[in-house]
Amino acid sequence: MKTLFSAGWSRTRCSLRAGGIALALAAGALVACQSKSPEEDLIQQARPAGSWLATLRWTGEQWNANSVPKSFVKSTVAEARKDLDNVSDAAGKSKARPEARLPLLQLMKDSKAAGDALAGAARKGDRPGVARQVAQLAALQARFSAWQASAKQKQEGGAQ
Amino acid sequence: MAMKALKDLTDDLELARDVLDKQVVDRDEIKMGRVDGLVLELRDGKPPRIDSIEMGGVVLAERIHPRLARWVDGWRRRLKVRKTAVYRVPWSAVQEITPYHIKVDVAALETPAFDWERWLRDHVIAHIPAAAKGGAQE
Amino acid sequence: MNMKKAATLALGILTSVGGFFDVGNIATSTQAGAVYRLQLLWPLVFGTVLMIFLVEMSGRFAAATRQALPDAIRTHLGFTAWLFPFIILSLVHFLVLGAEIGGICFALHLITGLPVPFWALPVSVLLWLFLWRSTFGAIENSSSLLGLITLAFVVAAWKHHPPVGQILAGVVPTLPHHDPTRYWFMAVSLIGAAITPYVFYFYSSGAVEDEWDESYVGVNRAVSVIGMGFGSVIALAAIVVSAVVLAPRGIQVDDYHQAALVLTEAFPFWGFVLFAAAMGIACLGAAVEVSLSMAYTTAQTFGWNWGENLDPREDARFSLTYTGAILASALLILFGVDPLKLTLLTMAVNAAVLPFIAIPFLLLMNDRKLLGEHANGWLSNTVTVVTLALALVLAVVSIPLMIVGGS
């Protein structure tokens, strides 16, 4: 009686383990198929930067429209900075070609500067200043999209 | 005759299964713990009979693994709050068995089952202000 | 229907609106809308159907047997069978409570500008004091009425005139156009946010505290369908608002600051305050329920005296359980764990552990000796088993992929 019970138990465990291994293999295979070039990796790692540029721009617009307080602009800029720093780090360490990663590094530097300027203008209550940074952020967004497109092209060009 | 003994046995085991893990309340229906274990009395030629119910963390741990029980008991000795590891209530003290609980003729507050409850009330709750609820005064 | 039942019905619906919509919905709905617009409405609808059935079952069980779930599971399935699900459930309680406290702290951060960890201790002390001093009825009354502020999401969605055709299309599952790993992981998180296990334990223990009997079976059904349905509509509205407001601007929700902007377009000036208030109150209501659920589950598992209507002096172990849980969870926020990341992790864990939580529960619901005519019928069993299996497959496939694939 007792052995029967334990045999049944171990069989369940065995099949559970087999299922786990199969699953891990399947996941591994999927990841292997998705293995990317350094440029593609960098584009993916830079994704939050584009979203943060849009966030900062809109935060500036909302502040000028009296819809968010100064403290929100300040803390949003601080949060954005963390992710922008991460993207800078990724670009620094990336094995992508210099034509792809150096412009991104510069772009991140300019974005952080624009963020700081936005927070500074909001702190001083300087509406025209905030409007200028909003325009600056819109330009940075355009540069970021252009960078994404060119990095993609470079990667395709490199592959040929 | 043998058939009857077998029937008594299954009845008793059924009872044991039904009672194990049930909520235990004292004579004032204060919840005092659960039937963590049962002591069965084995009798020659007669079906076993429930001798007493057991309450205590060590009894529970014993059901998982004896080593866990030793570990839990080690902590009990070190903390010195609960005096006895296993609190036994004789089956004769059972007053009623309902689908929800089993009522025993003791006063929970004075039993080892309430050692921790008492200790926490006197050493922790007593030092926290505002321990009376607004609604309780109505 | 007498007055007491009518009041129970109204209150129950309000409470479950608050019980459904919490930090998990705010995080997952705004994220899904920002990235996939209206394509991910279906996991929420799917999760809501399962949630309605499970909540209805837990209330029916309490009404028919006058026993709360953890109590009955220990009694009927035994300590050894319950121990593992109980440990998992306690862990989930701890994470969810941390995420809810994080949500309250973030709402206060929005309004005051003070950093999130600063609020961890004041919030937990306030939450604790509320539980320590209040009776069960008072908790129900206050959290339910305040919870109505979350309807701001529905009003905002309405004001944006969303494309109805696309909304209906989003209710049908479709394959993603990009980032499949992220898509499926978000689908799992949305389901995890809809089915929050603490609700079953809280709701059935609450029904026992309110002394429900068999005559409440009908009220219970109405409460679960209407209450969970309403809650789900709010979460759906959050997806819609985020799809209309954030997605076109290219804003994704990698941080709660980005989610905080979803209402500003519909309500200039007030949108920001409304978001903070809705988030703070939804999370506070949920934090109250999670803390109590933790205490109910632990006390019932070990047979301690329990009840939110008793003085802490009469149920020291019960009261100190929620006290400890609140403190431990607040530490997560105090030490700077990111509230959004904590929430997303918790929602995925929620979906993954669902079977452990639901299987003991389903076994009990089919016990005719216990429930008699109120035992589960084929409809409840089929719907829960099928949806549970689907949720499990989704979770088991997408979570490892997300971990291995990164991003």
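**Figure 1. Contact between chain C and chain B.** In this predicted model, 26 residues of chain C are in contact with 26 residues of chain B. On the side of chain C that touches chain B, the elements giving two or more residues are α4 (69–77), α5 (79–112), α6 (116–133) and α15 (316–334) of chain C. By class, the residues of this side of chain C are 10 nonpolar, 9 polar and 7 charged. Of the 2 pairs of chains that touch, chains B and C have the most contacts between them.

**Figure 2. Contact between chain A and chain C.** Here 24 residues of chain A are in contact with 22 residues of chain C. Two or more residues of the side of chain A that touches chain C come from each of α1 (2–33), α3 (47–64) and α4 (70–93) of chain A. The most is given by α3(A), with 7 residues. This side of chain A divides into 11 nonpolar, 11 polar and 2 charged residues.

**Figure 3. Chain A and chain B.** These two chains are joined by no contact. The closest C-alpha atoms of chain A and chain B lie 16 Å apart.

**Figure 4. Packing of helices α11 and α14 in chain C.** Helix α11 (residues 198–209) and helix α14 (residues 270–302) of chain C pack at an angle of about 75 degrees, and their axes are 9 Å apart. Because angles of 65 to 115 degrees count as roughly perpendicular, α11(C) is roughly perpendicular to α14(C). From α11(C), C:Y198, C:Y201, C:F202 and C:S205 meet C:E289, C:V290, C:L292, C:S293, C:Y296 and C:T297 in α14(C). The contact of α11(C) with α14(C) has 6 nonpolar, 3 polar and 1 charged residues.

Technical notes:
Residues numbered from 1 in each chain as written. Chains lettered and ligands numbered in written order. Predicted model: local features only at pLDDT ≥ 70, side-chain atom pairs only at ≥ 80, totals over all residues. Axes fitted to C-alpha atoms, helices over the stretch in contact; angles between N-to-C directions. Helix = DSSP H or I, 4+ residues; strand = E, 2+ residues; numbered from the N terminus. Parallel < 35°, antiparallel > 145°, perpendicular 65-115°, else oblique. Contact = placed C-beta atoms within 7 Å. Nonpolar A, V, L, I, M, F, W, Y, C, P; charged D, E, K, R; others polar.
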